[in-house]
Amino acid sequence: MERAEHIYQKLVAICGEENVLRDEPMKHHTLVRIGGKADFLVWPETYEQVVDVLRLKEEYELPFTLLGNGSNVIIRDGGLRGIVMQLKHLNRIWREGNNIIAQSGADIKAVSRFALEQHLTGLEFACGIPGSVGGAIMMNAGAYGGEVKDVLDHVKVATLTGELKTLTNEELELGYRTSLISRTHDIVLEVVFALQPGDYGQIKAKMDDLTFQRESKQPLEYPSVGSVFKRPPGYFAGKLIQDSGLQGKGFGGAEVSTKHAGFIINKNNATAADYIATIEMVRKTVKEKFGVELELEVKILGEE
């Protein structure tokens with residue numbers, strides 16, 4: 001207990017009392033509204049504070065988790081040990097020439113809207129992606145034929161030991177829903193998107209069309225992690241799940257959406273155990289019926 005109090009006071013000294021929470025239920029910080037408690041949840045306001053928290057983590061050999069805006073993650077009911085960091089205060093977006101620079105805690109949808117305001121084209125695909133800029137880089141987020149890889153120039157990151165460095169598009173090894181960062185767990189601080197001048201009306205029309213497609217097809221009225229599974233080669237995950245007759249089925253408060261089979265919704269106070277059991281039922285059934293192994297797009301973190 002003394003050690004926990006000591007660590008808490010150190011974190012407060014770095015980030016300020018208003019930016020450090022103890023034993024915080026993570027269901028308040030994930031879009032699917034699921035998750036047990038974090039020992040410490042911190043919200044740094046500067047890159048220096050990020051580095052100082054990382055060095056504290058090293059000094060005390062603490063488990064560490066970086067969480068984006070909680071859109072593409074399931075946190076188990078036992079919660080997360082050590083320090084959980086969110087970068088919601090690092091959310092500035094600005095323009096330099098035809099580049100847009102965004103801090104990693106900014107919403108990728110907000111960056112897409114900013115690009116529209118600046119009459120810059122290339123980020124229209126991101127207008128409906130529910131994630132932070134850092135998370136979008138980590139998983140090379142994409143939708144409707146576009147992906148981060150297409151418009152990314154370089155990023156500034158902090159390594160887990162607190163060293164700052166710059167990585168180019170090529171160095172990030174961006175693939176289908178993966179990147180070098182998903183393996184090294186470097187912390188994205190700042191991102192430079194290289195865009196092109198465009199016509200405001202054409203950019204807006206494309207974004208309006210993509211927004212309509214998304215809202216008409218996805219179950220946005222319930223909490224969810226978004227798309228649960230990666231697209232299997234030669235198939236669509238949602239179609240396989242639909243053809244398996246799984247819509248409306250699930251465990252506890254979790255259910256395969258009747259609106260879009262690729263989504264599992266938190267319909268009624270689901271636990272992480274409910275949600276994960278529903279995922280496993282879907283994977284098992286699709287494998288039995290079609291011989292296709294569904295791979296997770298969502299990350300599962302924490303303790304049982």
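Colleague: Which residues line the second largest pocket?

Modeller: Rolling a probe the size of a water molecule over the atoms shows where empty space is left. In this predicted model, the second largest pocket is lined by Lys27, Arg33, Ile34, Gly35, Gly36, Asp77, Asn266, Asn269, Ala270, Thr271 and Ala272. The space in that pocket comes to about 150 Å³.

Colleague: How many residues of each class are in the lining of the second largest pocket?

Modeller: The lining has 5 polar residues, 3 charged and 3 nonpolar.

Colleague: Which domains does the lining of the second largest pocket draw on?

Modeller: Domain 1 (1-88) and domain 3 (235-299) each supply at least three of the lining residues.

Colleague: Turning to the rings, how many aromatic pairs does a search of the whole structure find?

Modeller: The search returns 0 aromatic pairs.

Colleague: Where is glutamate 163 placed, and why does glutamate 163 count as partly exposed?

Modeller: Glutamate 163 is in the loop between β11 (152-158) and β12 (164-168). Glutamate 163 counts as partly exposed because its relative accessibility is 47%, and that class runs between the 20% and 50% limits.

Colleague: What separation is there between the C-alpha atoms of glutamate 163 and isoleucine 265?

Modeller: These C-alpha atoms are 39 Å apart, with glutamate 163 and isoleucine 265 102 residues apart along the chain.

Terms used:
Residues numbered from 1 in each chain as written. Predicted model: local features only at pLDDT ≥ 70, side-chain atom pairs only at ≥ 80, totals over all residues. Heavy atoms only, no water. Phe/Tyr/Trp six-rings, centres within 6.5 Å; stacked < 30°, edge-to-face > 60°. 1 Å grid on protein atoms, 1.4 Å probe; cavity = no way out; pocket = protein on both sides within 12 Å on 5 of 7 lines; lining within 4 Å. Points joined across faces, edges and corners; volume = space filled by probe spheres on them. Nonpolar A, V, L, I, M, F, W, Y, C, P; charged D, E, K, R; others polar. Domains from an automatic or database assignment. Helix = DSSP H or I, 4+ residues; strand = E, 2+ residues; numbered from the N terminus. Buried < 20%, exposed > 50% of the residue type's maximum accessible area, 1.4 Å probe, protein only.
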